[in-house]
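Me: I am new to this structure. Please take me through one part of it, slowly enough to follow.

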Amino acid sequence: MPGLKLGKNSKPARSEQPDESRRNFLKASGMTLGGLIVGSVFGGVLTDNLEKNNSPAPASKPEASLQDALMFFNQEQFKMTEAAVERIYPEDENGPGAKALGVAFFIDHQLAGPWGYNARDYMMGPFVQAQATQGEQSRLKRNEMFTLGLEGLKSYCQQKYKKVFTELEAQQQDEVLTAMEKGDKFPMRGVTSSSFFKMLRSLTIEGVYADPLYGGNRNMNGWKMRKFPGNQMSYAQQITKEGLVQMKPKSLQAHMSE
Amino acid sequence: MGWVGGIIAAELTKAGIQVVGLERGKSRSTEDYFMDHDELRYARRFELMQDLSKETITFRNSESMRALPMRSYGSFLLGDGLGGAGSHWNGQTHRFLPYDFEIYNQTVERYGKGKIPEGMQLQDWGITYDEIEPYYDKFEQVAGISGESEANPMLGKRSHPFPTPPMKKTPILQRFEEASKKLGYHPYMIPSANLSENYKNPDGISRAACQYCGFCERFGCEYGAKADPVVTVIPTAMATGKLEVRTFSNVTEILHDGKKATGVVYINTVTGEEVTQPADVVVLGSFMLNNARLLLNSKLGTPYNRKTGRGTIGRNYAYQVNSGRAVGFYDDEEFSTFMGAGALGMEFDDFNGDNFDHSDLKFLHGAGIRISQNGLRPIENNPAPQGTPTWGKKWKETTLKYANRVLTVATQGASLPWKHHYLDLDPTYKDIYGKPLLRITFDFEDQDRELTKYLADKAGEVMKEMGPSHVEIKDKLDPYNIVPYQSTHNTGGVIMGADPETSAVNSYLQMWEAENVFVVGASAFPHNSGYNPTDTVGALSYRAAEGIQKYLKQGGMLV
C-alpha cells in the first residue's frame, strides 16, 4: 500500500496545511486496492472520479471481503441504513463517506451483538415515562428500536413521496432525515424519531472512526481523513514536538502480525 | 478490590495479618490489555465497567420526582474486577487543600455564619491537613506520583518531594503556562500517576515509564505505567502469602449484632452459592455508592433522614461541578492532541478553595482551572463551532478541519453538600439478587451555577491569551442530567467527622456505630473539592490501615 507522504517507520514530521485533493487522498490511502465493495460503491462516484483522473484502475474487479455479509439486517434494512448513513457522513473532497467506509456493516454487526441486545444494561421493570434528566427507559432492546425506526422511515417515505428512501434524491433524503431528527410529524412505534436519529448518527460516527476490526472505517480511511494514527504504542518521542505530527496509521490488527 | 482494598490488604498483610479480599468481578492483569487501544470497546462499550444488568442505581433530581434506574452508562462509570476504578482512572493525583478539611470553621471565621446558605450542610472532616499529610505522602510514594515539588503558595505544604519528576511539558501545556502566568496565576504540572520515568516503590515494586499513548481513562495500561492496584499494592499483599483474593464473590450483606460485625455474606457468582465469611474486622472498600448501599441493605448504622436531619448513612452525597470551560478554535494551527496521558496537564488554583476572596461572590469554594492533554480519540471528539450543523457535508468538513485544532481550558469545581442531596434505598427497583438498589437524590444548585459562570469566565481569559482564532465560553449549568458523561468523582454517603451525630465514621474511618467496621473511600468525604479524589482516597486508606492495626491490638473506639 502506498503510504502517506511521510513514509515508513512512523517518522514524525511537521504538518503541512492540509489541502489534499480527493485524488491525493485516494492515492495515499490505497483505496483502490480492494476490500471496498460495499453495496454499490464500487460502481459509484469514487471509481468514476478515479478513472477520470487517469488513476490506474484495478486490473480485475477485486473480490469482496468474505466478512462482508449480514448478521442482523435483511437486504432492504441494510440498503436503507447504508443510504441514510451516507447522508450523515457523505463522501466529499475530503474522502469517502459512511457507505464506502462500511458503516452499514458496522451497524449490522453492532445490532447483532451484546450492545444491540442490551446485554449489560439494566432491563428490569417497571418501565416508566422518564424526565429528560433520567435517561432512556425503554423496554425495547436497541436492535428492536432500530428495526422499528427503519419501519417508520419506510412508511414516512411511502406516505410522503410514494417511494422508498433509497430511491429519493439526496436532497429529499436530507429533508427526511431533518424531519426525523426534529421529530416533526414522523410517527414511529416504540421509539421517537428523534431518538432513532440520535442512535443512527451516533452509530455512524462510531462506524466511521472505530478500529476497522468492527467492519467500518475501511482501510483506516476514517482515521486518515483526520490524521489520526490509530493504535500506536508510544508517542514518548513525538509529544514534545510543535504542531501536528503525522504518522502512518496502524489498526489493532498490527498486534496480530507483529 | 480497588485502591482501598489493595492498600489495606498490603499494609495489614505486611504486618502479618490474614486478609480475605472479596471481589465481585474477575481477576485482571496487564496482559489483558493486549487490544487496549480500542475506543469502541473500552470508551463506548465500557469494557472495564460493572455489568448494569445485575445492579445499577436509581436517580431523581428531587423528592418530587420518581427515581428511575440508570439503565445504561452516562454521567459516571462504575469500575468492576480486580483493580476496580483504580484500573480505569486517568491518574490525576491532587491533594485536597488545608481549607477543605476545615471548611466549616474557616468559612465561618472568615465570612461569618450568614455566608453559608440555608440548606447547605457544610462540615469539617474531623482531621486536619497536617494530620492527613503523612498518609498522602505514603500513597504518593507507593504509586510513584510524578509532579513538581517546588512550594506552591496555593497548596498545602509537602513533607517530601514527589518521588518522580513531572511529566513532559508539551507545547500545548507551555502555551497554557505562559498565558496563565501572564495573567498573574500560579500554574503547575498536574501530579500524575502515569509514571514520568521508571520507578521502584518503597515496597520494591518496579514499573515502567508512561509512553503517552493517549489511552488512559476508561482503559487499562498495558505497560503498568499507570498506577493501578493490580500493579502496585495487590502484588505487594500477595507476596506476603497472607492475602487470599476471591474473585466472582459479590458481598451482599454485613452480618452484625447491632454493635459489631461478625462477618459478611457473599454470593459466589460462579456457583450461585451463598457463603458466610466470618471476620474480626470488616472493611468496606467498594465504590462509594456500594459502600452506602451495603450498610443500608445490612441495616447497619442509622440511615439519614432528610426531614429530621438525623442519622448518617446516606448523608452528604456530592459530585463535581465541571461544566464551565473555554474552547479555543485555531484556524491556522494544528496540534497533536491525539497524543497524551491521563494525567498530563497543567492547572492553577488561584480560584480554588478559599484561595480568593468570596465576600462579594454568591458561592463558596471554587475550581481548578486546567488544560489536559489526555489524548483526543476520534469517536468522542468531533469539535465544531456553535451553529455548525450536527450532521451532513458541512458537519463532516468542519469536524475534519478542527479535529486537531481545538484546545480546551476546563474547570473542575467543588460540589458542596446539601440537606436534600442524599442516598437511600429505592422503594421499587431491585438487583438480580432481589436486594433494593441505591437511590440518588441530587441536583445542581444556584451555588453551582454561580461557580460555573465565574470560573468559566476566568478560563475564558486564559484561553483568549492562548491565541486561538475564536473562543467559545460555556458558562451555563443545566439541571443535573444522568445521561451525558461528566465525572466519576461521586462522594459522600458514609462521611467522616468528629461528631457521631453528623458523621458515620471517625478520622480512622471506623464506624461510630460498629467499632470493627471500617468504611473507606470517597464515601467518607463530607463534601467534594475542586480536585480529583484518588489521592485523598489513597491517604484515607493508609490512615484506616493504621487504625485497623491499632484496633486489632487495643479494641474499642480509636477516637
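How many residue pairs are in polar contact between chain A and chain B, counting pairs with both at pLDDT 80 or more? Please look closely at that interface.

Reply: The model is predicted. Between chain A and chain B, 44 residue pairs are in polar contact, with both residues at pLDDT 80 or more. Several elements of chain A give two or more residues to the side that touches chain B, among them helix H3 (75-88), helix H4 (103-112) and helix H6 (170-182). H7(A) gives the largest share, seven residues. By class, this side of chain A has 36 nonpolar, 23 polar and 17 charged residues.

Now the extent of the contact. Chain A brings 76 residues and chain B brings 71 residues. The buried area between them is about 5900 Å². Carbon and sulfur atoms give 57% of that area.

Next, the charges. Five salt bridges cross the interface of chain A and chain B. One pair to look at is Glu93(A) with Lys393(B), whose side chains meet at 3.3 Å, N to O. Lys393(B) also forms a salt bridge with Glu397(B), again at 3.3 Å. Both residues sit in helix H10 (residues 393-402) of chain B. They are four residues apart, so about one helical turn separates them. Lys393(B) counts as partly exposed because its relative accessibility is 40%. Glu397(B), at 27%, is partly exposed too.

Salt bridges also form a network here. It links Glu206(A) with Arg44(B), Arg45(B), Arg218(B) and Glu380(B). Over all chains, the structure holds 42 salt bridges.

Key. Residues numbered from 1 in each chain as written. Chains lettered and ligands numbered in written order. Predicted model: local features only at pLDDT ≥ 70, side-chain atom pairs only at ≥ 80, totals over all residues. Heavy atoms only, no water. Contact = heavy atoms within 4.5 Å. Buried area = accessible area lost by both parts, 1.4 Å probe. Salt bridge = Lys/Arg side-chain N within 4 Å of Asp/Glu carboxyl O. Polar contact = N/O pair within 3.5 Å; in protein donor to acceptor, adjacent residues only side chain to side chain. Nonpolar A, V, L, I, M, F, W, Y, C, P; charged D, E, K, R; others polar. Buried < 20%, exposed > 50% of the residue type's maximum accessible area, 1.4 Å probe, protein only.
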